[in-house]
Amino acid sequence: MIQTARWINPDLKLSIYLINQRSSCLLFTDCLKEIRTWSKAHPGHVPLFLLIETKHGRTQSIPDSVEAEPFTSETFDALDKEIRSVFSDKEMILPDKVRGDYQTLEAAVHAGQWPTLVESRGKVIFLMDQKNAGPIDTAGHPLLQGRVLFTNSDPGKPDVAFVEENEGSPQLIDQLVRQGYIVRARADESTIAARTNDTTRRDALLHSGAQMISTDYPLSEPSKWTGYSVGFADGLPARCNIINAPATCKSSLLEPNAMSGGVHSPENHPVSRKLK
């Protein structure tokens, strides 16, 4: 996870001193520039999913902590502006492009209007993590007109194209993928699986159609307690989707010159753990 200390605009901060000062980048745009530099050095890469966390308020785990300012519609205007100061529209997959002439973004994804892999290579797509921030972002932009981020929304809403199912069953995830949504899910939460080496959730998701499987323990950084890790077979950084990829798709050809390295930890399914 890339963490940033603050925005270019000093009034808009992403991380708070004494809470998250060990940031990868001082400025949000510094991180974006690093990503763009890598992208330009690797033309034709599969699209990069960039998940943006819009955290605000006060953390309960740190007494007397500084309270982060709330995100407003104007804050999201500034966020879009910052992103566009680094990436041009042609370098991103945008809600307007996906929606096209359809009445809603949801109607467009149901109709299969996501760009093809060929059309998406070399591009990035920005996704919103916090669902409760969606209504703020869509104020004045109900169909995400002019916006950069895809909101974390719910099926049935006009702005939905991206859905998070961090605890959803593989069956639900597969159903959503078949309907055209991009789905993100978590293979592990906090350090629970890492300490117990319980791979039940991980293995279920690896057999699902989720396009994004998040983990704190990629192959290059296995758990220090048990060696628990998450990755695709043969260390591939990406694979053909098991739900909607064409029969001719070969995972080994998606990123033929890139390997994550290593293999994920062996399966371990404690009897007491049941799939949701």
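**Entry 1: the sheet**

In which sense do strand 5 and strand 6 pair, and over how many bridges? I found the parallel sense, over three bridges. I count two strands as paired if DSSP finds at least two bridges between them. Helices (H or I, at least four residues) and strands (E, at least two) are DSSP runs, numbered from the N terminus.

A note on the source: this is a predicted model, where local features need pLDDT of at least 70, side-chain atom pairs count only at pLDDT 80 or more, and totals for chains, interfaces and linings use all residues. Residues are numbered from 1 along each chain as its sequence is written, and side-chain values use heavy atoms, with hydrogens and water left out.

Three strands make an open sheet in the order 5-6-7, with parallel pairing. On average, neighbouring strands are turned by 20° against each other, direction ignored. I also noted one facing pair: Phe162 is opposite Ile182 in strand 6.

**Entry 2: strand 6**

I checked burial next. Buried means under 20% relative accessible area, exposed over 50%, and partly exposed in between (1.4 Å probe, protein chains only). In strand 6, five of the five residues are buried, so the strand is largely enclosed by the rest of the structure. Both of its faces are covered. Ile182, Arg184 and Arg186 are buried on one side, Val183 and Ala185 on the other.

**Entry 3: two positive phi values**

I looked up two residues other than glycine with positive phi. Leu144 has phi near 65°. I placed Leu144 in the loop between helix 6 (134-138) and strand 5 (162-164). Leu144 is buried, at a relative accessible area of 0%.

Ser190 has phi near 55°. Ser190 sits in the loop between strand 6 (182-186) and helix 8 (192-196). At a relative accessible area of 46%, Ser190 is partly exposed.

**Entry 4: helix 1 and helix 2**

Two packed helices are described by the angle between their axes and the distance between the axes. I took axes as lines fitted to C-alpha atoms, for helices over the stretch in contact, with angles from 0 to 180 degrees between N-to-C directions. The axes of helix 1 (residues 28-41) and helix 2 (residues 73-84) come within 9 Å and cross at roughly 40°. That makes helix 1 oblique to helix 2. Angles under 35 degrees count as roughly parallel, over 145 as roughly antiparallel, 65 to 115 as roughly perpendicular and the rest as oblique.

Which residues meet here, in helix 1 and helix 2? I listed Phe28, Thr29 and Leu32 in helix 1, against Leu79, Glu82 and Ile83 in helix 2. Contact means heavy atoms within 4.5 Å.

**Entry 5: the disulfide**

I searched for cysteine sulfur atoms within 2.5 Å, the cut-off for a disulfide. The count is one. The disulfide joins Cys240 to Cys249, S to S 2.0 Å. The torsion about this S-S bond is about -85°, so the disulfide is left-handed. Cys240 is buried at 12% relative accessibility, whereas Cys249 is partly exposed at 28%.

**Entry 6: whole chain**

The protein chain has nine helices and seven strands. Of its 276 residues, 44% count as buried.
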